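Visitor: I would like to learn how to read a fold like this one. Could you walk me through it?

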Amino acid sequence: MAALVQGFNFRVSLRLSGTPGPTATPPPALTGQAAGAPRPGAGAPGPAEGPAERLGDGGFQECTGLELELELADHPEGGRNDGTVRGIGRVKLSPVVLKRGMLAPTPGGRADTALWDWLHGIATGERRAARYDGDIEVLDPTGTRTVAHWRFTRGLPVKLTGPSLNARTGEIALEELHIAHEGLRLEGS
């Protein structure tokens with residue numbers, strides 16, 4: 001356990017989600033539309049407009065939001081005045097927050113713009129909100145062994161903060177990336 005405290009880092013990879021969302025099935029046909037007919041804008045993105053299968057791989061120094069919180073649901077029981085039956089309600093998911101890192105640079109040495117393009121394309125309405133699944137691996141101090149692996153599904157960018165540019169340090173890493181998601185699990189070995 002002492003090796004974990006001395007220093008470790010996180011490897012992150014994002015790839016286009018293949019998990020269908022709850023709205024993947026089209027609603028029943030309404031008046032003026034034949035059953036099974038494609039709705040305007042409801043098709044899968046074509047090859048020219050679709051995002052890349054892999055958004056990127058990167059390393060970050062800090063990761064938070066790897067948590068699940070179960071809401072408590074109270075169920076009052078008739079005739080029982082001395083207490084309440086308690087059960088589990090919905091699961092609350094926190095956004096995954098990655099700090100001080102970046103996706104792998106392009107072969108020419110320039111920073112990869114795919115992450116900014118993803119967020120900007122959604123914000124400006126240029127493209128459908130592509131969802132990405134992600135893997136967060138905690139590596140040992142040597143970077144050769146994965147000691148923990150979390151997987152989230154159907155992530156969307158919520159916030160992206162660039163670096164504070166400083167000519168003395170030359171840092172170009174992302175300061176923060178927030179990804180909201182629809183599921184999180186700790187993967188077994």
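Predicted model: local features only at pLDDT ≥ 70, side-chain atom pairs only at ≥ 80, totals over all residues.

Visitor: In what order do the elements run from the N terminus on?

Guide: The order is α-β-β-β-β-β-α-β-β-β-β. As for contacts between residues at least 6 apart in sequence, 68% join residues at least 24 apart.

Visitor: What share of the residues is buried?

Guide: Buried means under 20% relative accessible area. Of the 189 residues in the protein, 25% are buried. The protein exposes about 12,600 Å², and carbon and sulfur atoms supply 54% of that area.

Visitor: Which residues form a nonpolar patch on the surface?

Guide: Patches are made of residues with over 30% relative accessible area and no salt bridge. Here the patch consists of Leu68, Leu70, Leu72, Ile88, Val91 and Leu93, which together have about 560 Å² of accessible area. Strand 3 (68-75) and strand 4 (85-93) are the elements that give two or more residues to this patch.

Visitor: Let us take Leu68, in strand 3. Is Leu68 buried or exposed?

Guide: Exposed means over 50%. Leu68 has a relative accessible area of 51%, so Leu68 counts as exposed.

Visitor: And Asp140, is that residue buried or exposed?

Guide: Asp140 is buried, because its relative accessible area is 10%, under the 20% cut-off. Asp140 lies in the loop between strand 6 (132-139) and strand 7 (146-161). The side chains of Asp140 and Thr142 are joined by a polar contact of 2.8 Å.

Key. Residues numbered from 1 in each chain as written. Heavy atoms only, no water. Patch = residues over 30% accessible without salt bridge, like charges linked within 9 Å, V, L, I, M, F, W, Y side chains within 5 Å. Areas by Shrake-Rupley, 256 points an atom, 1.4 Å probe, with all protein chains shown as cover. Salt bridge = Lys/Arg side-chain N within 4 Å of Asp/Glu carboxyl O. Helix = DSSP H or I, 4+ residues; strand = E, 2+ residues; numbered from the N terminus. Buried < 20%, exposed > 50% of the residue type's maximum accessible area, 1.4 Å probe, protein only. Polar contact = N/O pair within 3.5 Å; in protein donor to acceptor, adjacent residues only side chain to side chain. Contact = heavy atoms within 4.5 Å.
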